Amino acid sequence: KREIYLGNINLNNMRNSINQKYFESFANELAGKFRRINHLTTNARVAIGTYHEEILKVAIRNFLSDRYTVKTGYIYYDDQNISDQIDILIIDENYSFSYLFKEGDFAIIKPEAVVCSIEVKSVLDRKNFEQAVMNISKAKEVKQKSLTGGLIGLIFGYESPITSNEWLESCFMSDKLNPLVSIDHFWPNAILFFNRSELLLFDSQ
């Protein structure tokens, strides 16, 4: 039986050597940008979703060294093993011949070069929850084919209608996710419910 632990984020535990206000400033900046675009384009959900991804990409780039780049696209092992499109992929540029195709921020990437995949959802309801988990699972499966280590899989939900244990259990026990129950290493490593300041971490141990 898998137990689920959902709790408030304690930034002091993440990095005691850095003042909590430093991290809070990034969270406040993200929240402010999200609200700004939502007020202007409330009827354009696709545009809002795309912009939410761009906001997060910019924030992530601020924490990465030049060794890593941020893209969107697919992980490709062979014709039978291709991920679904992933919103944000973090690429280790130290790998030679990392790209099969690249134009702007869009790329088709060899699994050896991908270190992290992130799904971004403006509204993390049950439908989007299932889709995001399935996308991360497929990306991890393709990465595993390369035998070059694991892939960090994250889900970022800006808004979530509910995060009760009952709601989470109904999501995890859905017919779509049922095939993943016995495959711990294909689950996302963490899910952030941003508007609720709640972080769900997975530990197969």
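Is Ile60 buried or exposed? In this predicted model, Ile60 is buried, because its relative accessible area is 15% and the cut-off for burial is under 20%. Ile60 sits in helix H3, which covers residues 45-61.

Look next at what surrounds Ile60. Setting aside neighbours within four places in sequence, Ile60 contacts Val70, Ile88, Ile90 and Ile118. Val70 is ten residues from Ile60 along the chain, and their C-alpha atoms are 8.0 Å apart.

Now widen the view to the nonpolar cores. The largest nonpolar core has 17 residues. Within this core, Leu56, Phe156 and Phe194 touch the most other members. Five elements each supply at least two residues: helix H2 (20-40), H3, strand S4 (86-92), strand S7 (114-123) and strand S8 (152-159). H3 gives the most, with four residues.

Not counting residues up to four places away in sequence, Phe194 touches Ala27, Leu30, Ala31, Phe34, Phe156, Gly157 and Tyr158. A second, separate core holds 16 residues, including Val133, Ile136, Ile155 and Leu177.

Turn now to helix H4, residues 126-145. H4 has 20 residues. From first C-alpha to last, H4 reaches 29 Å, close to the 28 Å expected at 1.5 Å a residue. Its buried residues are Phe129, Glu130, Ala132, Val133, Asn135, Ile136, Ser137, Ala139, Lys140, Val142 and Lys143. An α-helix has 3.6 residues a turn, so residues three or four places apart point the same way. After H4 comes Leu147, with a positive phi near 55 degrees.

Methods. Residues are numbered from 1 along each chain as its sequence is written. This is a predicted model: local features need pLDDT of at least 70, side-chain atom pairs count only at pLDDT 80 or more; totals for chains, interfaces and linings use all residues. Side-chain values use heavy atoms; hydrogens and water are left out. Buried means under 20% relative accessible area, exposed over 50%, partly exposed in between (1.4 Å probe, protein chains only). Contact means heavy atoms within 4.5 Å. A nonpolar core is a set of buried Ala, Val, Leu, Ile, Met, Phe, Trp, Tyr and Cys residues joined through side-chain atoms within 4.5 Å. The expected span of a helix is 1.5 Å times one less than its number of residues.
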